[in-house]
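Please read it alongside the sequence and the model.

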Amino acid sequence: MKAFYLFAWLGVYLFSIGESFGVAFADQDLRTSKTLSQVNHIDGHMRPDLGQFFQNSSSYHDFSILENMPLADGNGSYTGGEIFSKVCASCHGFDASGGVLNIPLNTKRDLAAMIEIIEQRMPFGNPQNCDATCAERVGNYIADTFWAEELPEDCSMVKYGARQLKILTKSEYQNSVRDLIGINYNVSESLSADNRVGYFTNNTFTSIVVATYEAYLNVAEEVAAWSADRNFSPLLNCQNFDQNCANRFINTAAPKIFRRTLNSREREIYTNMANGTLTNGDVKAGLQLALAGMLSSPQFLYRHEIGELNRSNGEIDFNAYELTSYEMATWLSFSLTGSTPDATALQKAANNELRNPNNIRAEARRLLNSPRARSTMGNFVGNWLGTDQLENTPKDSEKWPEFQQLIPHLKQEIRENFAEVMLNRNENFGSIYNASWTYLNAPLAEHYGISGISGNEFRRVNVNDRGGILANGAFMSRWGESIETSPIRRSVRVRRRMLCENQPNPPGNIAEGREEQIKKHAEVLRDPRTTNRMKYAIITDTQPCVNCHQEWINPLGFGMEDFNTVGKIRFADLRGNTIDASGILYAPENLSDRDVSISFYGTRELGALFANLPSAQSCVSKNLFRYMMGVGHDSIDNTNPLGPELSSRERDGYACTVQQMTDTMVHQSPFELLVNLGTLETVRYRKNWVR
Amino acid sequence: MKKRYKNVFDKSRRDLFKIIGSAGISQGLLRASPLVMGTMISRLADAQQTRPNKSVIIYIPDGCIPQQFFPNSNLTAWKPMSQPYQTVASECNFLKNMGHHRAGHGVIPTIINNSWGGDSFDVNMGRILSQNHPFAYVNLGVHSNGKGCLTKDNGHEVPFEDNPFNAFDRLFGNASGGGGTRSPRLNIIDAHLDAVNALKLKLGSHERQRLESHLSAIEDMQKRLNGGSSTCNVGSPPDKFALGFEKFREQAHLQSDIIALALRCNLTASCSIAFGNEAAEFSFPYLNYKDVYHQSIHGGNNGDSSYPHFRETRAHLSGLSAYLINKLKNVGVLDSTIVCEVTDMGNGDAHSSNDIPLIMAGGGGAIHRKVSNAGGSSYTPLNQIHTAAVVLNAHQHSAYQKYATEVIPGVLR
């Protein structure tokens, strides 16, 4: 266990007429049991009197957050981030870099020990206000946000995923009934909304409640009636609706729906429906009933990743489970093509071929050849970067009258760009951010001012001023304002989504300082020579805004000012001023490393930088991990402080898996990563992790 | 005390059976008729109606600009953001100087809940007030999904029903037991029960908890099919339209109409509705300000301290809330309903935790109305809903989640 020191420094600012002053002291060094008096001299200078300090500090520290919510009984709803920013940041710094007292918490240390100390001694003078739950949340927040991620010392362990059930997303439901039944309209719009965790629709932890169950029943009955009107073709081909037809339904159609063979109990139940027993001998009505039942059944609605014990597999622990071939067929089909296994996949599963890594890879290659794999990759990037919701960022129709019509084309471009890198075995990781080509059709090419492109079909086109998933129209317009760009929106999304850095949310009461700035600099802001960049620099140059904007946000966002808010490259802003797209990426690997920076000019250079930046590389893997596994590599849902959490061994395994994925993607190719996903231990081998 | 109130609710259930029995209605007829069950519940409700027995929660994201919102103490002088409430002023109590237990973005799961687990207030009121109703609770939204859930049912997130046509079908559609014979749907449900129980045996504790929720859902459905119809005669289904932002107002009105009808038909005693989502990522293309709501709050005003854009968008949301309150009044259920309008912060631009715009409405004579004089910085939305629970007499029911211990002084009559 590494030594850990936590000096309980508290500071106080007394704000008056723009003036502030701070006084500080140190608590005893908990490891060496120094006395307060000793620690008061720890930096070589005398700290103020403790009693004096607390008289002053109560006006500054917002202990009320802890008093209003009974954290002591474990029912508090505050997140670690909220408690940190309101109670801890004033002393240790909003970025945990030490704050006014120069006591940093932003480097890795023994987390359990730190949590214990927080529980026992923090907030200083009021430790009763932060119980074990509170301390755990704060400690975990500090570790998750400010400490550099480190791999477990030994990644040679078997890395087990969780035994779990994933409820089909609306898209997966729709695709499944399309492939099974031939349904040709959007029936899933009547289903309850999917859950979103992180950036992705994700029903791994969703529960079926009465409203959602009822929706499943309604939709299943509608689909079954639609299918019955077509004599159940293509699912079933019967000349007559008799017992033979009912048997055929059970023997051939039902396994496709359940994605496995039926057990005896299931055969009994659904045969009883299909053969007309429950419908006065009417077999067709019975088939319709059975179909409705199956399409709303747990067997169909849950993607099973349960596995079975396999004592003959010497690789895994005695209490570990291995996905069955049917489960692997299901995992591969939904993960890579977004739909239910086809006949080929089910046949491979029936032959029990999909426990062998070579066969898993072969099946993955087959699926990746499907046009649906392209769509799946498009869905991934569209959700990861938010571009599939481009409609949610409307533009001023007078200034940008063409934008509304361009939305579907802009969305498609980034989907195609990403899918091409992932599915073209000749592409490498660098093309994700630094491709010298893009996908265009005529409307989009015209928008960008690129000639020689006709028709609505998208095609790969060589370009030199855009390309990749950053320097493209969808991302740049998605995170812009309605008339001008938004360096802030872009910067925050880049840091959070592309670098996977957990940049904190803005604190409360941010408007006051900003309003003062606006008033103070009103004349400059009105001056037509003032650029968008200058405007944001001015209005964020005040406390508390400057804490995050000075390094984390503004210099990064300013470097993307060469794209306007509808995704076109620009050299002058809307007032005619020359664009300055010089940028600096501070803290490129870890949020805490504000003393590390890389300069760049313009979005393309930033993309080129990302192509070789480890944090950008692993961030793709981390997001892909969540998308495919339904769980994050480091958390289940970090917006829910009382939600289930990963166990430490599970988390270690996932960290190693992400590293493995990144290595494959960077050193081989993104395509090889997809080919090998199903062979990852985390996918094949499962455990009942405690949560 | 608790026992006495519990008995009140038990008595309520017994009274329903008594009324059904005295009317000479058989179980078969109950199942056969789409109207009988609702009528019986209505008759019971009429017989018992001495105080409010229904709850409505309205969620409006991101607070307001307090100086632009709070009316004067007798609701005769309005500010731009609250002007639309003028039409329902006689029904409203604008709480003053209210605090928030957890102001900011990302707090929607705990606005009407004192925990990240358990029940949100709408569900909890459903458990207590809707025991004789086909639907325990109804939670609707307008472009609300995808950014967190307001409603939790025993710790499980319940997505908003954003689609009014689905909501209408579910509440007023044809999910009846059917003709006195066993519903074919019950055969399906039996199969599902069998499957979930089999699956439970294979899984670890976390997945088993999820399956328990699935089982409860199946059993609720089974109970409803066995117990009578969930339909009510409300005329034709609404004409469908595309649910884009350009129809935000129409969608909100339709969802409000559905809530009013559901309460009038006694299909449920607890409803909630969210106008938008907590990330404020929605827009009203038909207003002068067409960018996203969030931008109307931050930065979109270009430093104009009168917030011209936020003033317009927030006033629009106020109008949607007033529409619902008015609708409840028009269908005759407002006096028996206590409405709580909640939000996640005070000053939306500053993300502040003071001056939270919170409104209570309805309740007949149970609360002071046409006033804005009660509140205090130590009181929060949790005190607001607790005050509503006291109005509804739900606060001493054994199932009550005890969202707070203090009512807001000066609200109750």
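1. Arg185(B) counts as buried because its relative accessibility is 7% (buried means under 20% relative accessible area, exposed over 50%, and partly exposed in between, with a 1.4 Å probe and protein chains only). The model is predicted: local features need pLDDT of at least 70 and side-chain atom pairs count only at pLDDT 80 or more, whereas totals for chains, interfaces and linings use all residues. Residues are numbered from 1 along each chain as its sequence is written, chains are lettered from A and ligands numbered from 1 in the order in which they are written, and side-chain values use heavy atoms, with hydrogens and water left out.

2. Arg185(B) forms a salt bridge with Glu221(A), their closest N and O atoms lying 2.8 Å apart (a salt bridge is a side-chain nitrogen of Lys or Arg within 4 Å of a carboxyl oxygen of Asp or Glu). The pair joins two chains, because Arg185(B) lies in helix α6 (residues 184-200) of chain B and Glu221(A) in helix α8 (residues 210-229) of chain A. Helices (H or I, at least four residues) and strands (E, at least two) are DSSP runs, numbered from the N terminus. Glu221(A) is partly exposed, at a relative accessible area of 27%.

3. In chain B, Glu341(B) and Arg314(B) form a salt bridge with closest N and O atoms 3.5 Å apart. Both residues, Glu341(B) and Arg314(B), are buried.

4. Over all chains, the structure holds 44 salt bridges. One network of salt bridges links Lys166(A), Glu172(A), Arg303(A), Glu305(A) and Arg686(A).
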